[in-house]
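Reader: I am new to this structure. Please show me how to read it, one feature at a time.

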Amino acid sequence: MLTLNHFLVLGAILFCIGLYGALAKRNAIAVLMGIEIMLNAVNVTMIGFSFFNKVKPYSTYLTGQIFAIFIITVAAAEAAVALAMIISIYRKRSTVDVGEINMMKW
Amino acid sequence: MIFTSDLTWILFLPVVGTLAVMASPARVARWVALVFAAVVFVLSMVIFFRVAVNGYNFGDLNHPADFIHTSWISFKAGNVQFNIDYFLGVDGLSLPMVILNALLTMLAVIGGWEKKRVKEYLALLLLLETGVMGVFLSLDLLLFYLFWEVELAPMFLLIGIWGYDTMKHGMPGRIYSAWKFLLYTFFGSLFMLAGILLLYFKLGGNTASMQYFTTHFLSGISPIFGWSWQLLTFLLIFLAFAIKIPMFPFHTWLPDAHTDAPTEVSVILAAILLKMGAYGLIRICFTLLPSGIREFAPWLAVLAAINIIYGAGICLVQKDMKRLIAYSSVSHMGIVLLGVSAAAAGFGGMAFRQAALTGATVQMFSHGLITGLLFFCVGVISDHAHTREIAVFGGIAKKMPMLATLFTFAGLASLGLPGLAGFVAEYITFTSSYQVWAVVTIVSVFTMILTASYLLWMLKRIFYGPFNTKWSRLLDANWRESLPLVSLAVVIVFVGIFPSFLIRLITPALSNILHIVTTVGLH
Amino acid sequence: MAFYQASWLILLSPLFSFAVIIFGTRMWDLATRARVNATSSPEAKAEAEEESDIHMMEVRGAHGEEETLEDDEDPKVPRLTTGARVSAYLGIVIMGLACIYSWLLLLDSTHVINISGYTLPANGIQVLSYDWFTQGTANYIVAFHLDTLAITMMVVVTSVSLLVQFYSQGYMERSAGYARFFSYLSLFTFSMLVITFAQNFLVMFIGWELVGLSSYLLIGFWINKEAKPREDRLSPATAAIEAFITTRVGDVGFMIGIMILFAQTGTFEFGVLASKTDPHGVAQAFAGNSGLLTVAMILVFCGAIGKSAQLPLTVWLPPAMEGPTPVSALIHAATMVAAGVYMVARTFPLFAAAGPAAFQVVAWVGAITAIYAALTALTQRDFKRVLAFSTISQLGYMFVGLGVAGAALGPGPGMFHLFTHAFFKALLFLGAGSVIHALHHATHREVQEMEKMGGLAKFMPITAITWLVATLAISGFPFFSGFYSKDNIIGLAYQHGYYGLYAVTLITAGLTAFYMLRAYILAFGGRDGRVGGLWGGTYRGEGHPHESPLTITIPLVLLAIASIFAGYWTGMFSYIQPGAENLNLGVVFSDPLTWIGVAVSVVGLIWAYVLYTRFELVAIHDFVENNAVLRFLHRLTLRKFYIDDLYTLFIRYVVLGISHIEAAFDTYVVDGIVNGVAQAVTGMGRGVRHVETGRVQSYMAGFFGGVAILAIVVFVLVAFVK
């Protein structure tokens with residue numbers, strides 16, 4: 001029997017994996033992938049909450065699902081922009097190592 | 001309604017002037033600026049003469065000779081009601097300052113006739129006039145605060161753009177001094193705002209009108225305040241004024257700002273902006289917070305003596321004329337503080353205290369004239385000789401007889417020579433303050449020696465003694481440069497010989513203040 | 001009544017002259033001056049282009065560069081313009097009228113003649129007044145007042161001023177600042193008349209400071225003149241400042257005294273203060289507190305110490321000789337230094353009401369100054385400087401006179417000496433001016449050292465004879481004016497039991513006689529002169545001096561007459577203070593004290609006569625130099641007991657030292673804190689900005705770390721804090 005806890009644990013695990021990827025990976029693409037994983041972890045959590053809402057029937061309130069769709073959309077846009085930036089940075093500096101990209105310091 | 005009041009015109013004509021100057025071609029811009037400044041001056045004199053011929057009663061804060069009062073901003077946020085009134089008025093205390101401001105701005109326009117980028121320069125001078133006028137005219141605390149801040153912007157630009165380039169702390173002096181002036185004043189005004197808001201909300205009258213506060217004191221209903229609250233509010237508000245006056249130890253922005261500002265700006269700075277602090281001290285701190293200032297009066301007296309003697313002592317070893325005069329301002333403004341502290345003390349004969357406050361107010365006016373004159377004189381020298389260092393001159397009275405005469409005149413006026421404006425103030429303040437603060441006044445009187453020493457010594461090193469042949473090509477002040485000097489000199493002599501016209505003007509306002517003090521003193 | 005009431009005309013007439021000259025005839029003078037010839041040097045050409053430059057025209061004729069320095073000594077014009085002459089005439093005529101008016105007032109009020117048919121009340125009348133500020137008990141009223149004391153002083157002031165102005169026509173011939181000089185003289189007279197007419201301390205103080213201003217302007221008249229360190233002479237500009245500031249030191253005391261009186265009594269009016277019945281009078285206001293009144297009066301006396309150059313503020317008067325000589329005459333005889341004496345005379349009832357210490361301080365300061373100045377004068381080489389110290393010494397006498405007279409006699413004795421002294425001291429200075437003038441013509445330099453004079457009597461007989469009259473008058477030689485006034489003071493000191501003062505003043509009288517005759521012989525006589533060396537002798541200077549013109553000699557003769565006869569106004573004591581005992585000539589001549597005084601003076605005269613007509617100056621000099629004790633004493637007196645040097649050190653190292661410390665404190669501590677705060681803020685920003693690494697992952701770590709910390713905080717708050 002799937003309970004809310006399963007969804008939450010799955011979301012937390014995904015989020016931690018994503019966080020680890022975003023913080024530890026040096027390749028910008030990998031960092032981006034980490035972020036995407038974190039976003040999806042949130043999606044899972046949202047939908048879990050929405051589905052297991054006991055107070056109000058989920059047919060009435062689709063908040064969680066709607067948020068998830070929003071996030072997917074935003075994530076797509078974000079991925080597009082981020083990839084474009086990465087390509088652009090790569091062309092300029094011949095690297096996608098986030099440790100070396102510190103043009104915005106100070 | 002608003003535009004039928006001449007106070008509105010006095011206040012906003014300079015702004016119109018600013019726009020007109022910017023819009024007109026450079027050739028006529030000067031004349032446009034002069035015309036606007038002159039009209040403002042004439043308007044302020046019109047107010048003076050209108051009251052003077054009708055019985056010479058210039059009134060006090062509660063009965064201003066001329067005022068306009070209408071609601072400006074009024075909104076409610078939650079259960080907080082904000083009311084800021086467009087409330088302008090002139091009484092015996094503010095009218096001399098208004099006239100002084102109008103006069104000196106007009107002369108400053110003449111003085112700045114040949115500046116670089118003259119259009120912008122004169123436009124900003126006019127804008128500055130509005131800011132200062134607003135401070136002197138406002139009878140609403142929040143409006144007062146607004147204009148107090150408005151004045152900063154043109155001053156900042158005037159010092160920062162047209163100032164001198166001497167290097168200070170690794171940057172051009174004008175930049176350093178402009179920032180120092182701005183930040184220092186701003187620092188003070190924040191506390192003032194806090195103090196004003198405290199007053200506003202504590203009293204809960206949903207108005208920041210100064211009259212409201214005084215009537216509450218007068219009628220004995222003072223929902224605020226035992227003296228401790230008043231003292232706190234006083235200290236908050238006074239900090240802004242202390243910086244502006246400038247009072248030791250908040251005075252160090254002044255020598256820097258003066259040395260780096262262009263001549264006319266120094267004139268306005270010394271003659272008018274410092275008076276804003278003194279005016280605020282009397283108008284707001286003293287009138288609205290009598291118990292607070294009474295608690296602080298002994299300290300104020302001590303600080304006054306420090307200002308007077310310390311400022312004068314430093315003058316003795318200054319090498320730069322402007323810096324010397326700047327410190328002399330510190331010393332002379334100390335006399336204002338002394339008079340106020342004597343009047344604010346909770347004891348002493350009423351007549352003496354009123355005399356002390358009168359002396360302080362006359363000192364505000366006469367110091368404005370005299371220091372203005374001194375700075376104009378220094379300006380002429382530094383324009384002609386391109387240096388302000390005292391030591392490089394010598395005996396140049398031979399080359400600049402006109403300027404030497406006027407500069408000596410200014411120096412003598414500043415050291416308190418009878419027959420000139422400074423003496424009236426000094427004599428009245430010292431003789432009457434003694435009754436209240438004996439020791440402090442005795443210490444302060446020694447400034448007579450120091451002031452004479454540094455001024456005459458400076459004059460001697462510049463103008464008298466063996467002629468330094470290096471300056472054999474120096475030209476005397478031309479008529480355009482002499483005009484402001486001579487005008488100020490005439491006023492100084494007039495005030496010095498017939499001070500009663502000024503004293504009778506301010507007396508009702510000061511009587512009212514002391515009346516409040518006694519009323520509160522009974523509590 | 002109206003005759004007395006209109007005396008404000010006397011007060012305002014010099015002010016009128018001043019204004020008319022400064023703004024009218026002087027401008028006329030400057031506008032009509034001959035244009036400067038353009039010479040070949042580019043320097044002069046550039047200057048010639050500055051036609052608006054008025055001083056330039058004053059300064060040079062068609063001189064080359066070399067003579068510029070000489071020109072700065074005393075700038076001359078080729079010839080005086082009409083404007084300049086009119087300035088002088090205007091000043092003289094107005095002063096003449098004022099002088100006649102004041103003499104008429106004197107004669108009328110002493111009932112010698114009767115014009116007004118009115119008797120001046122003992123406490124005088126108010127002639128002019130207007131308010132500055134009146135509020136309850138604090139009244140600041142500018143009021144002028146006329147009484148017998150004022151009339152006496154007024155006569156002295158206007159007479160001496162008139163003669164000095166008349167004299168200046170000759171002395172200042174072709175001076176570039178001719179008109180300016182006359183306007184300043186008028187201003188000086190006006191200032192002194194303000195003091196004379198003062199009804200209260202406010203007006204007194206106004207006049208007091210205006211006198212300071214006038215002396216400042218006149219002493220520094222030759223603005224570009226250089227110092228002469230070899231002759232121990234300052235530049236006029238420096239001397240002017242010294243005079244102003246030194247007197248201001250005294251003024252501080254004066255001011256504090258006024259403040260004490262005002263705070264206690266609430267009035268500045270002399271009449272009210274002196275009143276015994278008025279609650280604002282010192283007698284009532286200081287009842288049970290006479291110690292404070294004594295202190296106040298001693299402080300008021302400090303003002304007199306400054307203005308009248310008493311110890312310890314003597315230093316300004318000798319350098320004040322740097323002004324043109326007529327100015328010295330005016331300062332020393334009638335105006336500046338007399339102001340102090342007059343002020344004490346004016347406030348005499350207040351001194352009398354104070355404890356006895358007040359008068360004792362006055363008398364002792366006077367006596368010590370008298371002997372100090374007399375000792376210093378013994379060895380001075382500069383002609384005018386001898387006179388300067390003699391003035392200081394004589395002023396000391398006046399203060400002794402005021403201090404010992406006591407309430408019954410009033411200020412009469414002191415004022416009497418002021419009155420006689422004014423004439424012979426003016427004469428001495430104008431005579432000295434005549435000599436300097438003549439020597440300037442003869443040598444084309446300014447000669448004031450007596451070593452370069454000698455035997456001048458044969459060249460300038462009128463100057464010499466009048467000077468001799470003045471010398472005898474100041475020495476207290478019988479039948480001359482100084483005899484009556486000075487011996488009276490010395491005698492009073494004895495009669496009133498001040499034996500110490502008596503001894504000091506008596507010795508001073510002998511010294512006075514000595515140094516005055518010494519100066520006379522050094523200048524006018526000599527070893528090989530006639531009349532036993534008193535008349536003529538070897539002239540030690542260059543050129544051929546001639547007697548001065550009539551404009552100079554007429555005042556000398558008039559003053560000589562006054563110097564003899566001024567002492568015969570025996571009714572003066574009761575004139576100034578009704579009821580006071582007058583000087584009785586019969587008693588004077590029969591009193592052995594008088595003859596002791598005369599004997600001491602004569603001893604001084606004989607000593608000087610023997611020393612300087614029987615020995616060469618060089619021989620005396622060598623003798624002194626070869627004797628260690630004498631040499632030491634000579635140095636000591638010549639250097640004025642090192643008071644000047646002491647003050648110089650004090651100012652240079654203590655006053656300016658403190659100022660330097662203050663300035664450093666201001667820059668490094670007060671401003672240092674301000675800049676320190678600014679630097680702390682910017683420094684903090686500089687440190688904190690390193691957090692911005694620019695690496696996206698460190699931001700991310702910060703962000704999630706922050707969220708984690710917040711989450712823990714919230715968890716703890718929710719779970720454990722209820």
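What follows is a dialogue on chain folds, chain contacts and backbone angles.

Author: Keep in mind throughout that this is a predicted model.

Reader: How should I treat confidence, and what is the mean pLDDT of chain A?

Author: Where pLDDT is low, the predicted coordinates should not be read in detail. Chain A has a mean pLDDT of 87, with 92% of its residues at 70 or more. Within chain A, helix α1 (residues 4-24) has the highest confidence, at 92, and helix α2 (residues 28-51) the lowest, at a mean of 90.

Reader: How many helices and strands does chain A have?

Author: Chain A has three helices and zero strands, and along the sequence the pattern reads α-α-α. Chain A is more spread out than a compact globule, because its radius of gyration is 17 Å, well over the 13 Å that the globule rule gives for 106 residues. Along the principal axes, the C-alpha atoms of chain A fill a box of roughly 55 × 25 × 25 Å.

Reader: What share of the residues of chain A count as buried?

Author: The share is 17% of the 106 residues. As for contacts in chain A with a separation of 6 or more, 49% are between residues 24 or more positions apart.

Reader: Which chains have the most contacts between them?

Author: The size of an interface is often given as the accessible area lost when the parts come together. Here we count contacts and residues instead. Two pairs of chains touch, and the most contacts are between chains B and C. That contact takes 54 residues from chain B and 55 residues from chain C. On the chain B side, several helices each supply at least two residues, among them α12 (290-315), α14 (350-385) and α20 (500-521). The helix that gives the most is α16(B), with eight residues. By class, this side of chain B has 33 nonpolar, 16 polar and five charged residues.

Reader: How many bridges join strand β1 and β2 of chain C?

Author: In a regular strand the side chains alternate between the two faces of the sheet. In chain C, β1 (residues 125-135) and β2 run antiparallel, joined by nine bridges. C:Gln135 stands opposite C:Ala138 in β2(C). The hairpin has two residues between the strands, and C:Gly136 takes a positive phi near 55° there. Strand β2(C) (residues 138-146) is mostly covered, with eight of its nine residues buried.

Reader: Which residues other than glycine have a positive phi, and where are the cis peptide bonds?

Author: Most residues other than glycine have a negative phi, and most peptide bonds are trans. B:Tyr56 has a positive phi of about 60° and sits in the loop between α2 (26-53) and β1 (66-77) of chain B. Phi of C:His111 is also positive, near 65°, and this residue is in the loop between α6 (82-109) and β1 of chain C. As for cis bonds, one runs from B:Ile245 to B:Pro246, with omega near -10°. Another joins B:Phe248 and B:Pro249, with omega about 0°. B:Pro246 lies in the loop between α9 (227-244) and α10 (253-260) of chain B, and B:Pro249 is found in the loop between α9 and α10 of chain B.

Reader: Why does C:His111 count as exposed?

Author: C:His111 counts as exposed because it has 9 C-beta neighbours inside 10 Å, and the cut-off for exposed is 12 or fewer. B:Tyr56 has 13 such neighbours, so it counts as partly exposed.

Terms used
Residues numbered from 1 in each chain as written. Chains lettered and ligands numbered in written order. Predicted model: local features only at pLDDT ≥ 70, side-chain atom pairs only at ≥ 80, totals over all residues. Helix = DSSP H or I, 4+ residues; strand = E, 2+ residues; numbered from the N terminus. Rg over C-alpha atoms; globule rule 2.2 N^0.38 Å. Buried ≥ 20, exposed ≤ 12 C-beta atoms within 10 Å, placed from the backbone. Contact = placed C-beta atoms within 7 Å. pLDDT = per-residue confidence, 0-100. Nonpolar A, V, L, I, M, F, W, Y, C, P; charged D, E, K, R; others polar. Pairing = 2+ DSSP bridges.
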